[in-house]
Amino acid sequence: MAEIKTINGHTLCDTVARDGLEAAATKAELDILAEDVEALAQQPTQAGHTGAVASQGMAFGIVDASDKAAFGVQKDGTTIIAKMEHIPLGAGRMGTFEGEEAPAFVICSPEGQMSELVIGQDGRVPDWVIGAWKKRLGLAQRVVCWGDSLTWGAGGDITGWHAVDYPGEVAKSCPCANMGVPGEDTLTIMARQGADPMLAPAGLTIPAARTAVQIAATGEGIPTVSGGLAYPLRQATAGVNPVRIAGVLGDLTKEATDAGTETIAYSFTRREAGEAVTLGTLDREIETLAMRTLRGGVACIWMGANGGWDGAVSKLVQQIEKMLEYGQYEDYLVLTLRELTDSQRPFLASAFEGHFVDLKAYLNQRGMMDAGILLEEDTPTNGIPGCLDAGDGLHLNYYGYKAIGGYVAETLRHRGMI
């Protein structure tokens, strides 16, 4: 039986019985306890006493880096509460919280900087705090960003060099791979990722020597399993080479004078000499590097600016679902900016509820502020503030990508994905 002690008129359990903590003999008078706490809060702070917590006679306490107590229960059962304005926490602001995301309890500095001592409205430690702990422990999820030139970062420069892209901003919070290739449609992105693999011609012979062999004639594209045509390597090689065909490792190359699909032919060259291999009907799949190495983790999918979905949101939804199924991701985000009309956007949002990110709405609400642009408003360019647009009504500039990258990272943290 636990021994019962009375302190300040309240009953407390002093010891623990073998079968667990037993209830106190009488119910604590919570209203009186609340008055006691309020009275303690009005007293001069008892923090500021440096030295070990144990030397202050405390059984339990929350302290800062200097071992100054903010809240504690002393060994005699009395409570000490420090006035928080006297304790410099030195933590960083972790983001803006509204509605259901607003914490029920948090320890902040006088400037409003949040520590990681946070309890959500559901009584649990929020997912974004757990994500921060994972990063510190080296357990953060890898994020793979699939897309076209908007993911690659076209337009994100100031002096003519490729300066910023949104995956690069995400990479400041967790490991992140930029799998964006300018000019690619949704079918080609799927082919690189593996959801709809490319196929080499049946009957093609891969020579024993390291000699190039053509797998797609000029303008034809490379057929995919679903019957589509892929045009990889348009302006970048992300996630393609080395490819593997029928167990032979090699490189896919394009033969073209520019990026137009009508001028592209494709060839395959094995990396090491070996036995000649003639392809049958069942070993034609072109396995990309991404198919072997970039499954799992967390995916951000942002595509559709270059077509491939025939303007039908239902087809785009199916393509994204195929990518999610093949990728076997732990979690994911689906991003959109100006690829869809305002009437189409709700359908994509509904299909991926809880994972959809409307970048157009974000840039109009917070984009300029997060980019550090001190304007109350700006003349819009194709639906977003002009100061965030690259000037072509499609791509973003340095400030636009920087804002989006920060927002995607914030979203990943708040939803506990990283």
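Lys360 is buried, with a relative accessible area of 18%; buried means under 20% relative accessible area, exposed means over 50%, and partly exposed lies in between (1.4 Å probe, protein chains only). This is a predicted model, in which local features need pLDDT of at least 70, side-chain atom pairs count only at pLDDT 80 or more, and totals for chains, interfaces and linings use all residues. Residues are numbered from 1 along each chain as its sequence is written, and side-chain values use heavy atoms, with hydrogens and water left out.

**Salt bridges**

- The structure holds 13 salt bridges, a salt bridge being a side-chain nitrogen of Lys or Arg within 4 Å of a carboxyl oxygen of Asp or Glu.
- Lys360 meets Asp342 in one of these salt bridges, at 3.1 Å from N to O.
- This pair links distant parts of the chain, 18 residues apart: Asp342 is in the loop between β21 (331–336) and α8 (345–351), and Lys360 is in helix α9 (residues 359–371).
- Helices (H or I, at least four residues) and strands (E, at least two) are DSSP runs, numbered from the N terminus.
- Whereas Lys360 is buried, Asp342 is exposed, with a relative accessible area of 52%.
- Helix α9 also holds both Asp370 and Arg366, which lie four residues apart, about one turn of the helix.
- Salt bridges that share partners join Asp342, Arg345, Asp358 and Lys360 into one network.
- Asp370 and Arg366 form a salt bridge, with their closest N and O atoms 2.9 Å apart.
- Asp370 counts as partly exposed because its relative accessible area is 35%, and Arg366 is likewise partly exposed at 23% relative accessibility.
- A salt bridge of 2.7 Å, N to O, brings together the side chains of Lys315 and Asp310.
- In that pair, Lys315 is partly exposed at 29% relative accessibility, while Asp310 is exposed at 65%.

- Asp165 lies in the loop between α3 (149–152) and α4 (166–170).
- Asp165 is buried yet has no salt bridge, and the nearest side chain of opposite charge is that of Lys172, 9.8 Å away.
- For charge, Lys and Arg count as positive and Asp and Glu as negative, while His and the chain ends are not counted.
- Which backbone nitrogen does the side chain of Asp165 reach? The side chain of Asp165 reaches that of Gly168, at 2.7 Å.
- The side chain of Asp165 also makes a polar contact of 3.4 Å with the side chain of Asn178.
- A polar contact is a pair of N or O atoms within 3.5 Å; within protein, one must be able to donate a hydrogen and the other to accept it, and residues adjacent in sequence count only if both atoms are side-chain atoms.
- Asn178 belongs to strand β9 (residues 176–180) and is partly exposed, at 24% relative accessibility.
- Asn178 and Gly153 are 25 residues apart in sequence, and their C-alpha atoms are 9.4 Å apart in space.

**Cysteines**

- The structure has zero disulfides, a disulfide being a pair of cysteine sulfur atoms within 2.5 Å.
- Cys145 is buried, with a relative accessible area of 0%.
- Cys387 is also buried, with a relative accessible area of 17%.

**Nonpolar surface patch**

- Phe105, Leu117 and Ile119 form a nonpolar patch on the surface, with about 250 Å² of accessible area together.
- Patches are made of residues with over 30% relative accessible area and no salt bridge; like charges are joined within 9 Å, and nonpolar side chains (Val, Leu, Ile, Met, Phe, Trp, Tyr) within 5 Å.
- Accessible areas come from the Shrake-Rupley method with a 1.4 Å probe, and for residues only the protein chains shown count as cover.
- Phe105 is in strand β6 (residues 105–108) and is partly exposed, at 42% relative accessibility.

**Residues apart in sequence**

- Met198, in strand β10 (residues 198–199), is buried, with a relative accessible area of 0%.
- The C-alpha atoms of Met198 and Glu287 are separated by 7.8 Å, although these residues are 89 residues apart along the chain.
- Glu275 is in the loop between β17 (265–270) and β18 (277–278) and is exposed, at 68% relative accessibility.
- Glu275 and Pro207 are 68 residues apart in sequence and 7.4 Å apart in space, C-alpha to C-alpha.
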